Amino acid sequence: MSQYVKVTEGPTNAFAPLGGNGAVSGLPLHKAPFPEPGNSSSEAESVSSSTADLARTANNPPSIHDSQLTLRALVSTKEAGVIIGKGGRNVADLREAANVKAGVSKVVPGVHDRVLSVTGFLPNVAHAYQLVAQTLVENPLAVAA
């Protein structure tokens, strides 16, 4: 029995042979034993069953309410300060109000931007970004003259 991997990237799942280094095109992989096609009738049935499962997955993608996503945005250091708030209050409120995981990357010397990451279900992530935009509009940044 050869080793195959289940590729879980993109809208559908697929199986691919496990390479010598354990990677297929740099995608995140999950190792799973999968029989080589054509060895026996029970293995052939297993292959056709797995293929049918794969086709059902492709025809019925998961609902937007069933899977989480992470959306990242590049923000200036000043915007990051507004988003985080004094003592982290704004980002804590954001997490609670939108029911998401949210955070801003650490400061990197010489880099003037930071990354805002928000993870959750699509409607919650959208709501979180709405709240971030509202916070930035309500707290305009001072413009240097």
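## Close-up views of a predicted model

A search of the whole structure finds one salt bridge, meaning a side-chain nitrogen of Lys or Arg within 4 Å of a carboxyl oxygen of Asp or Glu. This is a predicted model: local features need pLDDT of at least 70, side-chain atom pairs count only at pLDDT 80 or more, and totals for chains, interfaces and linings use all residues. Numbering starts from 1 along each chain as its sequence is written, and side-chain values use heavy atoms, with hydrogens and water left out.

**View 1. The overall layout has four helices and six strands.** Helices (H or I, at least four residues) and strands (E, at least two) are DSSP runs, numbered from the N terminus. From that terminus on, the order of elements is β-β-β-α-β-α-α-β-β-α. Of the 145 residues in the protein, 21% are buried. Buried means under 20% relative accessible area, exposed means over 50%, and partly exposed lies in between (1.4 Å probe, protein chains only). Contact means heavy atoms within 4.5 Å. Among contacts between residues at least 6 apart in sequence, 54% join residues at least 24 apart.

**View 2. Asp93 and Arg89 form a salt bridge.** The closest N and O atoms of the pair are 3.5 Å apart. Both residues belong to helix H3, and because they are four residues apart there, about one helical turn separates them. Asp93 is partly exposed, at 32% relative accessible area. Arg89 is exposed, at 53%.

**View 3. Helix H3 packs against helix H4.** H3 covers residues 89–98 and H4 covers residues 122–138. Their angle is about 145°, and their axes lie 9 Å apart. Axes are lines fitted to C-alpha atoms, for helices over the stretch in contact, and angles run from 0 to 180 degrees between N-to-C directions. The crossing of H3 and H4 is right-handed. A crossing is right-handed if the near helix is turned clockwise from the far one by less than a right angle, and left-handed if anticlockwise. From H3 come Asn90, Leu94, Ala97 and Ala98. They meet Asn124, His127, Ala128, Leu131, Val132 and Thr135 of H4. The residues of this contact divide into six nonpolar, four polar and no charged. Here Ala, Val, Leu, Ile, Met, Phe, Trp, Tyr, Cys and Pro count as nonpolar, Asp, Glu, Lys and Arg as charged, and the others, Gly among them, as polar.

**View 4. The largest nonpolar core holds 15 residues.** A nonpolar core is a set of buried Ala, Val, Leu, Ile, Met, Phe, Trp, Tyr and Cys residues joined through side-chain atoms within 4.5 Å. Ile83, Val100, Ala102, Leu116, Val118 and Ala128 touch the most other members. At least two residues come from each of helix H2 (77–84), H3, strand E5 (101–104), strand E6 (113–121) and H4. H4 gives the most, with four residues. In soluble globular proteins, nonpolar side chains tend to be buried together.

**View 5. Val118 sits in strand E6.** Val118 is buried, with 0% relative accessibility. Leaving aside neighbours within four places in sequence, Val118 contacts Leu69, Thr70, Leu71, Val100, Lys101, Ala102, Val125, Ala128 and Tyr129. Tyr129 is 11 residues away from Val118 in sequence, and their C-alpha atoms are 8.2 Å apart.

**View 6. Val91 lies in helix H3.** Val91 is buried, at 7% relative accessible area. Not counting residues up to four places away in sequence, Val91 touches Ile83, Ile84, Ala102 and Gly103.

**View 7. Asn99 occupies the loop between H3 and E5.** Phi of Asn99 is near 55°. That is a positive value in a residue other than glycine. Asn99 is exposed, at 58% relative accessibility.

**View 8. Asn139 is in the segment after H4.** Asn139 is partly exposed, at 36% relative accessibility. Asn139 and Val82 are 57 residues apart in sequence. In space, their C-alpha atoms are 7.3 Å apart.
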